[in-house]
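Notebook open, model loaded. I want to go through the surface charge first, then the salt bridges, then the record.

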Amino acid sequence: MPDSRTFNFTAFAESDIGEGQISTGVSFTLPPAPTIQISVTDNDNRLSGDSLLFNERAVDFRGQEATLARFGADEGNGGQIYAERAYEVFDQDGNRFILVEIEQEHGDEDYFTFVNHVPEPGAELMVGHDFNIFGRGVEYSRFGAGEPAPNIVEIAAGSEDFDLVVRALEAAGLVETVQGLTDVTVFAPTDAAFTQLAVDLGFEGDTSDEDAVFDAIVAALTELGGGDPIPLLTDVLLYHVSPGAKTAAEVDTEEAVATLLEGATFGSEGTELIDNEPNVANPNIVAPDINAANGTIQGIDRVLLPIDIPGNEPAPENIVDIAAGSDDFDLLVRALDAAGLTETVRGLDDVTVFAPTDAAFTQLAVDLGFQGDTSDEDAVFDAIVAALTELGGGDPIPLLTDVLLYHVSPGAKSAEEVDDAEAVQTLLDGATFGSEGTELVDNEPDVANPNIVVPDIPAENGTIQGIDRVLLPIDIPGNEPAEPELPTLAGIVAASGGAFDTDATDFDLLLTSVELTGLTGALNDPDAALTVFAPNDAAFVGLTNALGFEGEDEGEAFGFLVDALTLLSQGDPIGLLTDILSYHVVPAALGSEDVLAAESIPTLLDGATLGVNGASLVDADPDVADPNLIALDIPVSNGIAHVLDGVLLPVDVLQSDGSNAVDFIIGDESDERIFTGRDDDFVFGKEGDDVISLGRGDDTGLGGLGDDRMLGRRGEDTLDGGEGEDRLWGGRDDDQLTGGADADTFIFARRSGEDTITDFEAGVDMVNLERLRLDGIDEVFDALSQNGDDALLDLGSTSVRFAGVEASSLTADHFEL
């Protein structure tokens, strides 16, 4: 027997090239570099196909041994490998390549490599004909998927953006350590990140001089490290290395990212990484998912700091200086100057100032009768002074002084502590005001109360609470509003809604939704007693943004919303929109006190309730932020309305299967190629001849208009081709397939599961069984039976249910073999 030899070649994991079945007609993009290293020890020089007698088994019975490694870490089970199948693939220029599917006995994963020639990295490839590998197999020396990615240190050393991180690794003696690591993620600060660290540590030299920048960092670490910079530099660098190769999306899902610095972690929110230094801006991932032979690099724009650097806390300013330095408090500063209270407030200690914004003073001028240009601060201030002059019997200063002292309370208080106080004391002798949540209840009952809108601004001598109206210590005479004729709930929505515009605070999208669903009559009923939680336009646009819409145009947002509801409801947007709107209506008139005191609020959507958390309403979707009550107790003739800054959702819209990687994609008019990965994804191709390939998970795909090609791959998927001559393949597991209008083709292969065709039309649609390699049409009809109202084709690991079809109506003309 010949001596055994070892053969090495590279390959891609199935997840690298689409995470689904490679089959005829499927397109994929070749990754930048292979991620799998295969090492085979064999006493011949060929890789065999699988056994004809024992499927999913290698033919080579003579002691072949194989190991597989990904990012330097062992993968696989040590069993023999074999060539399951080969495919012709073509690039955009028509060049032909041979792609071989390699499996390991008793393994769940598939791997792919090429024979002889490898396409360029990033090439768009289309899969053509497939064939089995029999006989003597293929020589190991002909396999390969390109040069493997360099290791992490090599990538950093070869880039102009990471000179200083390489220099830091060398200084700490960690170059070989990082080179020897396997399956890790390195959060690599760019040179600009190290330069910013030097500035944060006090460097004032030439930021383009990398030598000076690095020397400044070393000097600072020397001081922080008690004379030796290396231990702290080592800690900082190890804090940038995390076990396990992670994508940026995977980093975002982790509550605490573990590092090689013992016991040290950091947090993540989106692309932001939250380290242990609270007084320096956090890093963000700016160059994501750079693959290396031993893991992944995430390029970041600041250095992660594992310690709170002592002595760099910013010193707070005096309350007066903070107000004077802000564009939002010009009129407050002007009022303090006019009343001669600037130095008085500057000299106070341990106080809370409730600071009205410029918009708050402008609203006071309007409340006092001003009808001029509200953008003219001089005119606004003059109007207030004139009104105070009249109210003060000819001298505005005493009343202005009282108003300003009414905004100052002894003791620095947080907004939460203000809310807890039954009566907030002020420097105006004997005068207090109340608080309810963020609302401050003053002594003027006919003008809306202020709310804290900019809470907890720390200052050297206390705290600032920014408020959106001026606190009034008196009931201004003669300003009692006339009792208005109240509109109905439908009327108040219509009055503030209409054509789509740029005003995000009105109700154009809500009005359009109410009219579209036919709910106007119910909200217009004069005998009803209802509560409506009304989302404004910004709330609806925000919902579409959360689902993937990029923009603020109300008309485009509403169009996206209809498309999204069509996708989520699998074709019935009106029904789902009706449920969402019903979820915003309560079958009783509830004021804000009743709402905020409730634990659970029933709605008109059968069985669905709302929770209450402070000023937020808690709906059924845990991933989209709960809406806040932003305007309360709007009176109407048939109930009451409260305004929300978000849309209440009665279901978990994008519920994850645990992968936290739900894709929600809505296409456009072009011919698109859409691929998704793990989790329960949603894709709507809309117009164009689209290619839609769904990954693992229970996915929903709508083709829309055009001749679409749709593949479900793994998971219990729902595919609907829509109009056009579509080709639908559910892939593995139990799928529901709807062709829609026109002549459609339904494709099935081995291990397709128990699939259902909901709308098969005999004489129009076709069933393609070519991939099953059946002996002939007789085998089809032997497996065909009537099952209740449906025809059932049972072919073992693949069965097809034809909903509402008589088995006797199916002929050989309906099948492609």
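Predicted model: local features only at pLDDT ≥ 70, side-chain atom pairs only at ≥ 80, totals over all residues.

Which helices each supply at least two residues of the negative patch? I looked, and they are helix H14 (415-420) and helix H21 (592-597).

**Entry: the negative patch.** I listed the members: Glu416, Glu417, Asp419, Asp420, Glu436, Asp456, Glu593, Asp594 and Asp633 gather on the surface as a patch of negative charge. H14 gives the most, with four residues. I picked Asp419, which is found in H14, and checked its cover: Asp419 is partly exposed, at 34% relative accessible area.

**Entry: salt bridges.** I get 16 salt bridges in the structure. I went through three of them.

Arg714 pairs with Glu14, with the closest N and O atoms 3.5 Å apart. Arg714 sits in the loop between strand S39 (709-711) and strand S40 (718-720), and Glu14 in the loop between strand S1 (5-13) and strand S2 (27-29), so this bridge ties together parts 700 residues apart in sequence. Buried or exposed, I wondered about Arg714? Arg714 is buried, with a relative accessible area of 14%. Glu14 is buried too, at 3% relative accessibility.

Next, Asp211 and Arg167, whose closest N and O atoms are 2.7 Å apart in their salt bridge. Asp211 belongs to helix H5 (residues 210-224) and Arg167 to helix H2 (residues 163-172), so the bridge ties together parts 44 residues apart in sequence. For cover I noted Asp211 as partly exposed at 44%, and Arg167 as partly exposed at 28%.

Then Arg302 and Asp200, whose side chains meet in a salt bridge at 2.7 Å, N to O. This one links distant parts of the chain, 102 residues apart: Arg302 is in the loop between strand S19 (295-300) and helix H8 (319-324), while Asp200 is in helix H4 (residues 191-200). Arg302 is buried at 17% relative accessible area, whereas Asp200 is partly exposed at 30%.

I also checked for shared partners: salt bridges join Glu14, Glu109, Arg696 and Arg714 into one network.

**Entry: the record.** Which residues does the UniProt annotation "domain: FAS1" cover? The entry, which is unreviewed, gives 149-304, 316-471 and 494-648. I looked at two of these spans. Residues 149-304 have their end C-alpha atoms 26 Å apart, with 40% helix and 21% strand. For residues 316-471 I got 26 Å between the end C-alpha atoms, 40% helix and 21% strand.

Note on methods:
Residues numbered from 1 in each chain as written. Heavy atoms only, no water. Patch = residues over 30% accessible without salt bridge, like charges linked within 9 Å, V, L, I, M, F, W, Y side chains within 5 Å. Areas by Shrake-Rupley, 256 points an atom, 1.4 Å probe, with all protein chains shown as cover. Salt bridge = Lys/Arg side-chain N within 4 Å of Asp/Glu carboxyl O. Lys, Arg positive; Asp, Glu negative; His and termini not counted. Charge placed at Lys NZ, Arg CZ, Asp CG, Glu CD. Buried < 20%, exposed > 50% of the residue type's maximum accessible area, 1.4 Å probe, protein only. UniProt positions renumbered as here; feature names shortened; annotations may be inferred.
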